[in-house]
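Hi,

Here is the structure I said I would pass on.

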Amino acid sequence: MHLYKEYPGMSPGQLTDMRSASVNNDCYAWCAIKVQLHKHVLHTSQELHKHIVATLDKYDELSSASTFGWESEASFPKVLGDVIESLAGAILVDSGYDKEVVWQSIRPLLEPLVTPDTLTIHPVRELSELCQKMKYTRKKLYQNDNGVTSCRVEVIADGIIHQYEHKGFTNRKTAKRLACKGVLNSLQLKETQDK
């Protein structure tokens, strides 16, 4: 609702892109860490604890980058995003289902908000659209060995193979996003060298 009111002239596609950049688990998890809600998550999972600690170790490095989810190279614990959603749900119920109260309460946690100027397209979509437009061939390969997920993306562009593999303790979606981002960087580097 905020994006629709704030940017009335935007196309449905642009609004969808802005919503996707604003409303996703990574963005919410980032917000939870930013306001230190992670300290209040009660759990007994050693895996979750390791994941939160690993994310916190990267926080300073990440805080200088964009906070709109897919720009970061981290894989955020889903539970941290769930904390923001649960908080919004509790405020909704406690306010008598007043969405404006929820927005006024949650908005400060989500700032800075995405704008048309700060919006970046999700790397998976960007690579998919580029390959479709330029008629490049694209392949993906996933593997999971003992909790280590890997995704290798390969694009054949003008006879040149651009490939990138992300391997780590991430989920499949994060591995795919980072592998696509790596291939996009390779394609952009090649384009820059050709100029």
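**What I found**

Going from the N terminus, the elements of the protein chain come in the order α-α-α-α-α-α-α-α-β-β-β-α. That makes nine helices and three strands. Do keep in mind that this is a predicted model.

On overall dimensions, the C-alpha trace spans about 60 × 50 × 25 Å along its principal axes. The chain has 195 residues, and 36% of them count as buried. If you take the contacts with a separation of 6 or more, 57% are between residues 24 or more positions apart.

Now the inside. The largest nonpolar core has 19 residues, and the ones touching the most other members are F76, L80, I84, V102, I106 and L110. Two or more residues each come from helix 3 (25–34), helix 4 (46–57), helix 6 (78–94) and helix 7 (99–110). Helix 3 is the top contributor, with six residues.

Setting aside neighbours within four places in sequence, I84 is in contact with Y28, C31, A32, L37, I106 and L109. There is also a second, separate core, this one of 14 residues, with V124, C131, C151 and L187 among them.

Cheers

Conventions:
Residues numbered from 1 in each chain as written. Predicted model: local features only at pLDDT ≥ 70, side-chain atom pairs only at ≥ 80, totals over all residues. Heavy atoms only, no water. Core = buried A, V, L, I, M, F, W, Y, C linked by side-chain atoms within 4.5 Å. Buried < 20%, exposed > 50% of the residue type's maximum accessible area, 1.4 Å probe, protein only. Helix = DSSP H or I, 4+ residues; strand = E, 2+ residues; numbered from the N terminus. Contact = heavy atoms within 4.5 Å.
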